Amino acid sequence: MPTAISPERPRTGVTKLTGGRLVKGSQLVNEDLWISSGTGKILHSQQVFYDDHVIPDVTLDLKGKILCPGFIDVQFNGAFGFDFSTIPEDMATYHKGLNRLNRHLVKTGVTSYLPTIPSQKAEVYHKALPHLGPSGESRNSWDGSESLGAHCEGPFISPTKNGIHSPEVLRKAPNGFADFEACYGSDNLPYLGSGMRSPVSMITAAPEVPGVSAAIPQITQRGIKFSIGHTESTFEEATDALQAGATMVTHLFNAMRPLHHRNPGIFGVLGQSEIKERPYFGIISDGIHLHPTTVKIAWNAHPDGFILVTDAMKTVGLPDGVYDWTNGDRWVKKGSLITREDTDKIAGSSATLIECVSNFWNWSHATIPEVIRSVTSTPAEMLGIQHIKGTLNPGADADLLVLDTHEDEKGARKLTVEKVWKFGTLVHDACHPKTGI
């Protein structure tokens, strides 16, 4: 049980977390962590205690459990019945659904994410994107999970690697960046120096689609990450895209050319030493999208770029059945498997990020810090926010998880989310469900 302050002493908003194993770099470190619900930040514990003489409101003994940064999911299409691509007549309904999603999502350990919209008509992007930009400015812990900006996955993708993306809405870019502005809305893609911040943080597109490669510099000049995905790109085309400014690969191996011994395709750039920096890449370790050995190969090829994603759909947390989507499409959910109706095409995932993390831990036998890095510091580095997210360093946002470890009935190792702090406030406690959101 936590120790609390006496009623006579003024509250400081400070919590001291002790007795935990902190994920710091490649190690689990036994040390205390001090956080503030007032600033929402991780504190310099020595300075706070010895110089400022602050006494914490609460001291919580974690009893040897793992303390790590909150998870970041950079490919997340929806969950718990809400889909970012489904636009109601009244956008107030959309906003309410988004708020409800954020409060559910934070309990799964995902404290920040990129709301993802797959290939859609332009009108969907124009209506949805203003609601999906970075949402942490208010620093309200009770809002739940925080958007770090939208991920537009399409529609400038290959028609032969479209997956479940409707062919009818796919686009080319013969006019270069102007076609991206027409699709997403020019107001949603402002210049960095304009004083406006884009609601878009990442765009997935296929470099070989006419006009796309030429638009990469203008996309990245706006502070937007360009990710290669849903593509027939050769090794050479992928290399050219990286040299033009691409820094990410969307769900590696899925919806792209397979590795071939005479043309390694996109996978080949992970071992490319001639380019300035090897790309980051997403991996869906739900046990359906990729074989465990494929996941291990990707991690061994470039562990510093390895990012676990869910590609989760609105069916997360919903029962099995048939569900409507956009553009007249329908999905069939059977357990963790989602397919497009009347096909065997995989339609995203119903896995949570903690499930993907546990799978990767079992398959790879990586250390816990290595596993946690793939959903914390590595996605934060990819987004350029490594000083405020994905770290336990002082000054970073106090988005934290307490994780417990155990084995299931089959002997598989599992990580479970026990506690969640958002901006220094405890918003979820699995041991005391009435605590938090």
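By cavity I mean a set of points, on a 1 Å grid over the protein atoms alone, where a 1.4 Å probe fits but cannot get out. Grid points are joined across faces, edges and corners, and the volume is the space filled by probe spheres set on the points.

A word on the model: it is predicted, so local features need pLDDT of at least 70 and side-chain atom pairs count only at pLDDT 80 or more, while totals for chains, interfaces and linings use all residues. Residues are numbered from 1 along each chain as its sequence is written, and side-chain values use heavy atoms, with hydrogens and water left out.

Back to the cavities. Counting those of 30 Å³ or more gives two. Lining residues have an atom within 4 Å of a point. For the largest cavity there are 13 of them, and F76, L105, A351, T352 and L353 lie nearest its centre. That lining divides into nine nonpolar, three polar and one charged residues. The classes are: Ala, Val, Leu, Ile, Met, Phe, Trp, Tyr, Cys and Pro as nonpolar, Asp, Glu, Lys and Arg as charged, and the others, Gly among them, as polar.

The second largest cavity has a volume of about 40 Å³. Its lining consists of P69, G70, I72, T111, S112, I388, K389, G390, T391, D397 and D399.

Buried means under 20% relative accessible area, exposed over 50%, and partly exposed in between, using a 1.4 Å probe and protein chains only.

Last, R340. This residue lies in strand 21, residues 337-340; strands are DSSP runs of E, at least two residues, numbered from the N terminus. R340 counts as buried because its relative accessibility is 17%. Leaving aside residues up to four places away in sequence, R340 touches G163, I164, H165, S166, D329, R330, K345 and A347, a contact being heavy atoms within 4.5 Å. L129 is 211 residues from R340 along the chain, and their C-alpha atoms are separated by 25 Å.

Key. Helices (H or I, at least four residues) and strands (E, at least two) are DSSP runs, numbered from the N terminus. On a 1 Å grid over the protein atoms alone, a cavity is a set of points where a 1.4 Å probe fits but cannot get out, and a pocket is an open set with protein on both sides within 12 Å along at least five of seven lines; lining residues have an atom within 4 Å of a point.
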